[in-house]
Amino acid sequence: MKHELLRSPHVMLGAALLVSALGGLGACQETGESAASGAPEAFVAPGRCAYTSAITQAEECREYTGAGWTAEAAEADCKALQGATFTEGERCAYPETLGRCVLGGGTDDETTLVLPGDDTSQCASTQRGCEVFGGGKFEPDACAGATEEPGGGGGVGTGGAIFQWPELACVDPKEGEPAGQSEGKVCTFGAISGCTEPGRLFTDYASCEPVLTQRPYWPAPPSDFKTPSDDPRLSDPQWLGELAWVTEQTEACGCVCCHSTKAAPATGTSNWYIEAGPVWTDSFNPSGLALAAGWVSSDALGAYPADQNNGFSRDVAGLPTTDPARMVAFFEGELERRGFTKEDFADMTPFGGPLHQQSLYEPTDCAAGEGVDAEGKITWTGGDARYVYVLSADAENPGAPPNLDLPEGTIWRLDVPSSAEPLKSGITYGEVSPNTKQGYPADGSPEELVPGTTYYLYVWADVGIPITRCLFEVSP
C-alpha cells in the first residue's frame, strides 16, 4: 500500500522536475548486457522496473538498491506504474550510460535511476536534475569529469521555462454574468493557487500560460478506478449536487490549467481531470484524494489567503475552496468508498517534492569567498541568479509564492524579472541595478549589515532552484 500511494503526479513533483531537467533522455533500454556500466559488482538486485515515463514518454528503468527491498515489494512498487514491467533478479542494462541518480541514498527505500547515453553536453543538466531537483546523488559514468556545479536553467515550471510571477488582472465580467465584486470588476490572480469569483470560470478571467511556468506540468494517465454503473450515488440528487459544487469550485481555480481537457496543453491532462465521467473524481489516484481531503499536508506548494483570493483558501482542504469543511467531507467520502482511512497516509511525506525538502534544509557556513564582504559585495557559486536573499541567520528557508517567498527574517531580496538576463555573482548589497527590482523591503534601503553578526545568504537560479545557501559574517 505504501508504495502504491506514492504514485501520483502531485506526490511526484520532485520526480517531475528531475525528469524535466534530464531533457527527455529516457532510461534503460533492454539490450542483453549483463549490467550497467560501472555498477557495483557486489549488489544483487531484487529486480528492475521498465516503463514508459508519463513525463517524457520515453522508456525508463529503475533499480531497487535499498536493503529493505524484497522482490515482492519491488514488484508491487513497479506494478503501481501504468504499463510497467518488472523483471526479477535482473539489472537495468544498456551499452553506455551518462550515470546513475541515487534517490534516498543509504535508506532501506533507496532506488537508482540509470541514465543512458554518451552525450556529455547533457551532463550538467542531468546532474542538476538529480541533485537539485530530485534530491539525489549523481554518480557519473560517461559524465565523469564533465559535470558542473548545479545552477542556472529555468524554474519550477514546465520544460525549464522561467517562472512567471502571478499578476492580478481586474476585468469586466463576461457578457451575461453579474457584476464583479471589485467595483464591478472581476479580479483574479494568474497563479496555480489563484481563483476567480465563485461560479465563474478561471479560464475566462486568467491565462494558463504563466500558470504553467509556476508548477511542473506533464501528461499523465488517470486512475483506473471506475464507479460501478449501478452505484446508488449516480441517482442520489444530494450526492450529485455535492459533486456539481466541487466541480464548480475547481473550475474557478488555476488547477484547471493542468486538469481540464479545455485548458491543459495538447499533450493531455495531468492525471485527474474534470471532464472525466460519469464521476470525474474517479480519475484521482488515492494520494491525490488524500491531498484534496487535507489528510496529507501540501503547505509547501503555497497558497493565497482567502481575503486575497475571492474567498478561496487551501489551508484545510488541499484544493482551493470557499467552504473547506464541505470540500474535506466530499473527498473523505471518496476515500472511504475506495476503502482508505487516514491511517493509510500517516507516514506519507508531505506534498511538494523539492519544495518540501528545501523547507527542511539547515544551512552551514559559507565556503571561502562566499557571502557579503565588508564593502557589500555579494558572492555566490552555482551560476547566474534571479533572486538573491540576505536573511537573518534563524530565518526560515524561502519557499513557493505567494505566501512562502518572503519568510520572516528577510532583510533584503533582489529580483530579476523573467524578461531580463539573470545576475552574475558580485552584485552589491542594497544596490538595485538596471533590469532588476527590489523584492524586499518594499520601499527604501535595507538595514545595514552589522560586522560580526551571522547572516544567511540564499540564492535562487529561479524560483525553487537554490544554488547557494549558507551562513556568513560580515568582516569588520
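Modeller: Gladly. A disulfide is counted here when two cysteine sulfur atoms lie within 2.5 Å. In general terms, a disulfide is a covalent bond between the sulfur atoms of two cysteines. Keep in mind that this is a predicted model. In it, a disulfide joins Cys208 to Cys257, with 2.0 Å from S to S.

Colleague: Which parts of the chain does the pair of Cys208 and Cys257 link?

Modeller: Cys208 sits in helix 6 (residues 208-214) and Cys257 in helix 8 (residues 256-259), so distant parts of the chain, 49 residues apart, are linked. The torsion about the S-S bond of Cys208 and Cys257 is about -80°, so this disulfide is left-handed.

Colleague: How many disulfides does the structure hold?

Modeller: There are 6 disulfides in the structure. Among them is the bond from Cys49 to Cys78, with an S to S distance of 2.1 Å. The link of Cys49 and Cys78 is right-handed, with 80° about the S-S bond. Cys49 belongs to strand 1 (residues 47-52) and Cys78 to helix 3 (residues 71-79), so this pair ties together parts 29 residues apart in sequence. Cys49 is buried, since its relative accessibility is 0%; Cys78 is also buried, at 0%.

Colleague: And what is the handedness of the disulfide of Cys61 and Cys92?

Modeller: Cys61 and Cys92 are joined with 2.0 Å from S to S. The torsion about their S-S bond is about -85°, so the disulfide of Cys61 and Cys92 is left-handed. Distant parts of the chain are linked here, 31 residues apart: Cys61 is in strand 2 (residues 59-63), while Cys92 is in the loop between strand 3 (85-88) and strand 4 (97-103). Cys61 and Cys92 are both buried.

Colleague: Let's turn to strand 4. How many of its residues are buried?

Modeller: Strand 4 is mostly covered, with 6 of its 7 residues buried.

Colleague: In which sense does strand 4 pair with strand 5 and with strand 6?

Modeller: To call two strands paired, look for at least two bridges between them. Strand 4 pairs with strand 5 (residues 111-116) in the antiparallel sense over 6 bridges. With strand 6 (residues 137-140), strand 4 also pairs in the antiparallel sense, over 4 bridges.

Colleague: Which residues are the bridge partners of Val102?

Modeller: Val102 has Thr112 as its bridge partner in strand 5, and Lys137 as its bridge partner in strand 6.

Key
Residues are numbered from 1 along each chain as its sequence is written. This is a predicted model: local features need pLDDT of at least 70, side-chain atom pairs count only at pLDDT 80 or more; totals for chains, interfaces and linings use all residues. Side-chain values use heavy atoms; hydrogens and water are left out. Helices (H or I, at least four residues) and strands (E, at least two) are DSSP runs, numbered from the N terminus. Buried means under 20% relative accessible area, exposed over 50%, partly exposed in between (1.4 Å probe, protein chains only).
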